[in-house]
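Hello,

I am passing a structure on to you, and my notes follow below it. Please have a look at it before you read on.

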Amino acid sequence: MNVPICDLCMKSKVLCSGCSEKVKRGKISELDVKISRLLYKMKDRYNLENIDFTKAVDLGRVVLVLTKKDVGPLIGREGKVVSDISQTVGKKVRIAEIGGDIKKTISDVVAPVKILGINKVYRKDGNLYKVRFSRKEIKQLPVDINSLEKALKSLLESEVMIVFE
Ligand SMILES: [Zn+2]
């Protein structure tokens, strides 16, 4: 299991000095700790031995759970894993894969809404990604546009412009 906190902290109720220092400095959040411990508890029941949980991003109504591996095990059979996470954090949860194809990551975040296109725009003061959606699908977005923009910025580590057409 690869989670933001160490093995010891995953199993216990208190944080070691190393992990609590990371929380203090904002490198990991309370939410990361909560979800890591939950996943550890669920590990045997749901076969989570090989999962990666990189970090969680709180978007208000929705929490994004980011993984560098396949999203499948974190969703679980019939969505059991994701619904347990959702119950624990008290919000809707979305699992998204990061570190690979940008389009795939954004698709995970906005599903069932489809991406019309992503363009990299080169500018003097830094590049940005223009992510295009259909205006007809605005209402189906799982998060509001501001939160989506924030999420995409942190996922892509770049400025993002969201366009509806
Ligand atoms: Zn620790």
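Helices (H or I, at least four residues) and strands (E, at least two) are DSSP runs, numbered from the N terminus. This is a predicted model, in which local features need pLDDT of at least 70 and side-chain atom pairs count only at pLDDT 80 or more, while totals for chains, interfaces and linings use all residues. Residues are numbered from 1 along each chain as its sequence is written.

Let's start with the loops. Glu157 sits in the loop between α7 (145–156) and β6 (159–164), and its phi is near 50°, a positive value in a residue other than glycine. Glu157 counts as exposed because it has 8 C-beta neighbours inside 10 Å (buried means 20 or more other C-beta atoms within 10 Å of the residue's own, exposed 12 or fewer, partly exposed in between; C-beta atoms are placed from the backbone). Glu78 also has a positive phi, near 55°, and lies in the loop between α4 (72–75) and α5 (80–89).

Another loop, between α6 (102–110) and β4 (115–121), holds Pro112. A cis peptide bond links Ala111 to Pro112, with omega about 10°.

Now for the domains. The domain assignment, which is automatic or from a database, gives domain 1 (1–99) and domain 2 (100–165). Their contact takes 13 residues from domain 1 and 11 residues from domain 2, where contact means C-beta atoms, placed from the backbone, within 7 Å. On the side of domain 1 that touches domain 2, β2 (62–67) and β3 (92–97) are the elements that give two or more residues.

Best wishes

Note on methods: Contact = placed C-beta atoms within 7 Å.
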